[in-house]
Amino acid sequence: MKRYLLVGGSSGIGAAYAAHLVARGDQVLSVSRRPAPYGTWVQADISSDQGIDTVGDAVGEEALDGLLYLGGTWENGAFTDAYSFGASPRSETRNVISVNLIAPILLSQALAPSLAKASNPRIIFIGALSGLDRSATVEVANTASKFGLRGAAQALTLALRDQGIGVSVINPGNVATPEVQDDIASGAFGDQLPIPLPDLFAAIDFLLNVSKDSAPEEITLAQKHPES
């Protein structure tokens with residue numbers, strides 16, 4: 001049995017992967033502001049120092065096999081015609097950067113001592129295709145946060161190397177969570193083939209199970225065109 005701290009466990013990718021881990025018998029501390037349906041719910045707002053401390057207290061001094069940062073946020077109306085950079089308030093930009101970039105860095109720092117006690121500890125961040133070079137979308141804060149997350153992961157790889165902690169980023173297109181499927185069905189998103197959840201699970205499982213002699217940095221999962 002492995003022990004994981006999973007951020008974003010109330011819905012979307014986080015909830016789906018938490019269910020996957022629980023089904024195979026792993027222990028999951030599932031962090032979110034709203035109730036998490038799988039694992040042990042840790043109620044915390046990780047955009048605040050208090051929330052970071054709450055997560056650290058929940059992990060305690062026991063070994064932690066992985067920090068899985070599978071949650072995130074974005075601007076109001078993001079990825080639809082309703083988004084307007086000019087209308088996005090400053091507070092929204094600060095919150096997106098805080099949740100998507102600052103919190104992963106601070107949690108990595110806070111949980112490094114527990115991760116270092118595991119035999120093959122891993123940190124995995126969910127990025128986005130918009131965080132890749134020349135692949136930005138118009139959602140400025142979200143794109144900036146995902147681009148920065150890749151840089152943070154590269155730096156954390158160096159900062160945590162002596163503790164044996166591997167750090168990786170997965171950059172997927174839209175994943176077939178119930179929320180994304182609903183947006184496609186409603187017409188909020190254009191016609192597309194989202195990435196199947198089992199494919200994303202396979203990528204995460206690979207990063208968690210690769211030997212400690214390997215250090216995968218990034219995995220990119222692009223979507224197929226609907227007509228292909």
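Hi everyone. A salt bridge here means a side-chain nitrogen of Lys or Arg within 4 Å of a carboxyl oxygen of Asp or Glu. Please keep in mind that this is a predicted model.

With that cut-off in hand, let's look at aspartate 205 and arginine 24. Their side chains meet in a salt bridge, at 3.1 Å from N to O. The two residues come from distant parts of the chain, 181 residues apart: aspartate 205 sits in helix α6, residues 197-209, while arginine 24 belongs to the loop between α1 (12-23) and β2 (27-32). Aspartate 205 counts as buried, at 17% relative accessibility, whereas arginine 24 is partly exposed, at 37%.

Is arginine 3 buried or exposed? Buried, with a relative accessible area of 6%.

The other is formed by the side chains of glutamate 218 and arginine 150, at 2.9 Å from N to O. Again distant parts of the chain are linked, 68 residues apart: glutamate 218 is in strand β7 (residues 218-221) and arginine 150 in helix α4 (residues 140-159). Here glutamate 218 is partly exposed at 32%, and arginine 150 is buried at 14%.

Now for the pockets, which some of you have been waiting for. The largest pocket holds about 1,400 Å³ of space. Its lining is made of 48 residues, and Gly71, Gly72, Thr73, Trp74 and Phe79 lie nearest the centre. Which elements each supply at least two residues of that lining? They are α1, β2, α3 (90-115), α4 and α5 (178-186). By class, the lining has 18 nonpolar, 23 polar and seven charged residues.

The second largest pocket has about 230 Å³ of space. It is lined by 15 residues, with Ile165, Gly166, Lys212, Ser214 and Ala215 closest to its centre. That lining divides into six nonpolar, five polar and four charged residues.

How values were computed: Residues are numbered from 1 along each chain as its sequence is written. This is a predicted model: local features need pLDDT of at least 70, side-chain atom pairs count only at pLDDT 80 or more; totals for chains, interfaces and linings use all residues. Side-chain values use heavy atoms; hydrogens and water are left out. Buried means under 20% relative accessible area, exposed over 50%, partly exposed in between (1.4 Å probe, protein chains only). Helices (H or I, at least four residues) and strands (E, at least two) are DSSP runs, numbered from the N terminus. On a 1 Å grid over the protein atoms alone, a cavity is a set of points where a 1.4 Å probe fits but cannot get out, and a pocket is an open set with protein on both sides within 12 Å along at least five of seven lines; lining residues have an atom within 4 Å of a point. Grid points are joined across faces, edges and corners, and a volume is the space filled by probe spheres set on the points. Ala, Val, Leu, Ile, Met, Phe, Trp, Tyr, Cys and Pro count as nonpolar, Asp, Glu, Lys and Arg as charged, and the others, Gly among them, as polar.
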